[in-house]
Amino acid sequence: MSVEKKILKARETTSFLFLVALFLIVGIINPSFLTPSNISACFNTSVVYTLIAVGMAFAIFVGEIDVSVGSNMGLVAAVVGTMIQNGSNWLVAFLVGILIGVIVGLVNGWGVAVMKVPSLIFTLGTNGILRGLMYLQVGVEQVNQLPKAFKDIASMTLIGSFTIYYCCAVVLTIIIHYLLTNTRRGRYFIAVGDNVGGAELVGIPATRTKVLAYVICGVLSAVAGIIFCSRIGIVTSLSGNGYEMKAVAACVLGGISLSGGVGSVIGAGIGAVIMASISYLLVFMGFSSNYDNAITGVILITIVVVDALMQRRAAVRNRHARLAARTLAAVSEKEGEQ
Amino acid sequence: MSQNPAKPKNEVSLRRWTKGPNFRWNLFLVALLAAECIVFGIANPKFLSLTRIFTSANSDLPIWYISIFVTFVMITGGIDIQSCAIVGLTSIIIGVAWQDFGLNIWIAALLAILVAAACGALSGFFVAYCGVQAMVVTLGGSFLYSGLGLLVSTLSSTEAYKGISGFPDSFKALTKIKLFGVVPLQILIFLVMLGIAYLLLHRTKYGRKVFLVGVNPSAAEYSGVNSRRVVMSTYILSALAASITGVVMTSQLGTAKADLGGNFTMTIITACVLGGTLSTGGKGSAIGTALAAVSITLLRFGMPLCFNVNKQYLDIPIGMLLVVVVVGRAIASNPMVVAKVAKRFPAAKKAAG
């Protein structure tokens with residue numbers, strides 16, 4: 001298949017076209033939206049969602065789900081924020097944050113892949129534990145005395161008006177996409193999600209791949225937590241609440257199938273931009289933020305239902321084609337015998 | 001049971017109870033409840049007061065009411081995370097229809113229940129007839145219905161964050177009634193709902209269909225069960241349960257708010273799983289879920305009262321409970337462990353079989 005055809009057939013292309021259409025529609029209704037600073041703001045606000053959605057994509061690729069990412073992110077933000085606030089070395093704080101992410105990923109991976117507990121249930125449990133630990137860390141106060149230098153990184157721009165964080169997230173996503181599609185170990189994730197039994201039969205270590213997927217998910221959520229801390233500057237005991245659902249929604253919007261084995265991390269990134277910019281776009285369309293959730297829900301349901309119907313039609317067509325081919329073969333064989 | 005018609009009826013029904021698929025698990029849950037009562041009761045005798053327990057149950061109503069019907073959804077292999085949004089939607093519809101459209105409060109409540117049923121039917125339709133994963137549909141549903149709740153609240157002349165109050169006394173009295181001066185009506189409603197759920201799930205043809213669809217949807221389809229309609233109906237049932245919760249909570253608080261359901265999703269799923277429902281479908285019981293929901297409420301009530309645990313830390317013990325239960329069951333059902341136990345205790349194998 002040629003490169004253009006491949007790009008046209010990719011599921012994330014639909015999401016990208018949807019994003020462009022969304023921007024254009026808003027631009028037609030309110031031309032003042034179409035300025036570089038507004039559009040880049042949409043991308044810049046999505047950085048935390050992008051990282052979490054890419055992490056979530058790994059869990060979904062292997063056919064599982066991780067609903068503990070929101071609390072994981074919040075806990076890391078709280079711990080790193082407190083450490084930096086108390087004047088410890090930034091690098092040490094970051095390493096501690098990422099270590100938390102690794103541990104959470106290992107625990108989730110152990111429960112889901114080794115103990116074979118349904119992933120939604122297990123990560124729901126770890127979600128509760130992490131959220132509780134976060135209350136222990138933050139309490140009723142909030143982390144808001146972060147040094148200015150740490151918060152200023154968030155407003156530094158690199159290319160045009162894109163922030164340094166967003167550029168890093170994009171580069172990271174592209175590297176991960178390359179590794180996933182072009183290396184042997186990278187392709188394990190999709191293979192395990194597509195067909196666990198088949199993957200094990202050809203010698204892929206399914207359990208280890210699943211644990212690794214959870215660890216990557218945990219680490220990316222931890223990085224998102226650090227960036228959240230620097231961008232927002234305030235961490236309360238509720239920070240990160242509900243992010244897991246937004247991350248799942250971003251993955252679905254980006255064309256990743258929740259049954260596993262289908263999709264790409266680029267799609268997750270695009271979905272995250274759509275999720276993050278909806279409330280921003282609504283302001284330009286003259287709606288109040290009350291419409292936020294309703295419109296997110298409508299978009300989410302519409303996309304998955306249309307996708308499911310199209311997939312079913314394709315499956316029916318494929319079956320008919322296979323049946324026709326088989327009948328044809330049988331007929332010609334019979335004629336050959338005669 | 002039909003192959004042994006000679007046996008006396010008493011023994012048959014007793015066997016049905018003790019040999020039921022969830023009997024051992026329910027026994028464990030009863031033991032858990034008793035343990036909670038003993039531990040909390042020793043730590044602080046104030047815990048052992050029915051009035052206090054019933055009062056604490058009032059704030060946990062969504063868990064009790066909704067989880068017994070989310071069990072239906074989970075038995076068919078689906079999941080429902082939209083019910084909390086429906087609770088808020090019901091509440092705000094009652095408020096707006098009564099205050100700003102001048103409807104009778106009971107008609108407003110009926111209207112809200114109908115809307116909730118329609119919401120459940122919509123999600124159920126997408127899951128059953130379009131083949132979209134239940135998780136995604138109800139995730140979208142939770143956004144959509146909580147968003148609709150907010151939109152409905154903008155129709156009102158009262159600001160959304162204040163909530164609509166000043167309902168007629170007859171409506172508020174609904175939850176002030178106390179049977180024998182102790183048992184509030186909310187608990188009675190719960191018992192009635194539990195009875196309905198038990199009869200539906202374990203004593204009717206419909207219940208067998210729900211289980212069959214969960215065990216093997218294609219087998220159900222081949223044996224003439226309209227599995228799509230069964231799946232869709234479970235979502236309507238859970239939405240109806242959510243709407244009844246909305247009505248009761250509105251009456252209890254005397255305020256209609258769009259965010260009344262709070263975030264009980266995790267606790268509801270915990271109650272279902274702790275009650276012995278398999279999230280992959282095909283297994284579960286209404287009684288088990290109810291027992292689990294009650295024991296979660298006791299935990300949420302007892303920890304702050306007896307051990308001075310801050311209410312906000314309650315996610316830790318509930319999360320731990322969930323993880324320990326699911327991991328414990330995974331270990332117990334591991335073929336290697338089962339084989340080892342059977343070798344060590346031959347009698348246990350006989351009992352288990």
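Modeller: One definition before we start: angles under 35 degrees count as roughly parallel, over 145 as roughly antiparallel, 65 to 115 as roughly perpendicular and the rest as oblique.

Colleague: Okay, and what kind of model is this?

Modeller: It's a predicted model, where local features need pLDDT of at least 70 and side-chain atom pairs count only at pLDDT 80 or more, while totals for chains, interfaces and linings use all residues. Residues are numbered from 1 along each chain as its sequence is written, with chains lettered from A and ligands numbered from 1 in the order in which they are written.

Colleague: Let's take chain A. How many helices and strands in chain A?

Modeller: Chain A has 15 helices and two strands. Those are DSSP runs numbered from the N terminus, with helices being H or I of at least four residues and strands E of at least two.

Colleague: What does the C-alpha trace of chain A span along its principal axes?

Modeller: About 90 × 55 × 35 Å.

Colleague: Which domains does the assignment give for chain A?

Modeller: Domain 1 covers 3–287 and domain 2 covers 295–338 in chain A; the bounds come from an automatic or database domain assignment. Taken over C-alpha atoms, the centres of these two domains of chain A are 34 Å apart.

Colleague: You mentioned α14(A). At what angle do α3(A) and α14(A) pack?

Modeller: Helix α3 (residues 36–45) of chain A packs with α14(A) at about 125 degrees, their axes 8 Å apart. The axes are lines fitted to C-alpha atoms, for helices over the stretch in contact, and angles run from 0 to 180 degrees between N-to-C directions. So α3(A) and α14(A) are oblique to each other.

Colleague: Is the crossing of α3(A) and α14(A) left-handed or right-handed?

Modeller: Right-handed. A crossing is right-handed if the near helix is turned clockwise from the far one by less than a right angle, and left-handed if anticlockwise. On α3(A), Ala41(A), Cys42(A), Phe43(A) and Thr45(A) meet Val273(A), Ala276(A), Ser277(A) and Tyr280(A) of α14(A). That contact has six nonpolar, two polar and no charged residues.

Colleague: Switching topic: how many residues of chain A are in contact with chain B?

Modeller: 42 residues of chain A, in contact with 37 of chain B. On the chain A side, α7 (119–138), α13 and α15 (292–337) each supply at least two residues. That side of chain A has 26 nonpolar, twelve polar and four charged residues.

Colleague: And how many helices and strands in chain B?

Modeller: Chain B has 17 helices and four strands. With 353 residues, its radius of gyration of 22 Å is close to the 20 Å of the globule rule, so chain B is as compact as a globular protein of that length. The C-alpha atoms of chain B fill a box of roughly 70 × 55 × 40 Å along the principal axes.

Colleague: How do α6(B) and α7(B) pack?

Modeller: Helix α6 (residues 105–130) and helix α7 (residues 134–155) of chain B pack at about 150 degrees, with axes 9 Å apart. That makes α6(B) roughly antiparallel to α7(B), and their crossing is right-handed. The contact includes Cys119(B) and Phe126(B) of α6(B), and Val137(B) and Tyr145(B) of α7(B).

Terms used:
Two residues are in contact if their C-beta atoms, placed from the backbone, lie within 7 Å. Ala, Val, Leu, Ile, Met, Phe, Trp, Tyr, Cys and Pro count as nonpolar, Asp, Glu, Lys and Arg as charged, and the others, Gly among them, as polar. The radius of gyration is taken over C-alpha atoms; the globule rule is 2.2 Å times the number of residues to the power 0.38.
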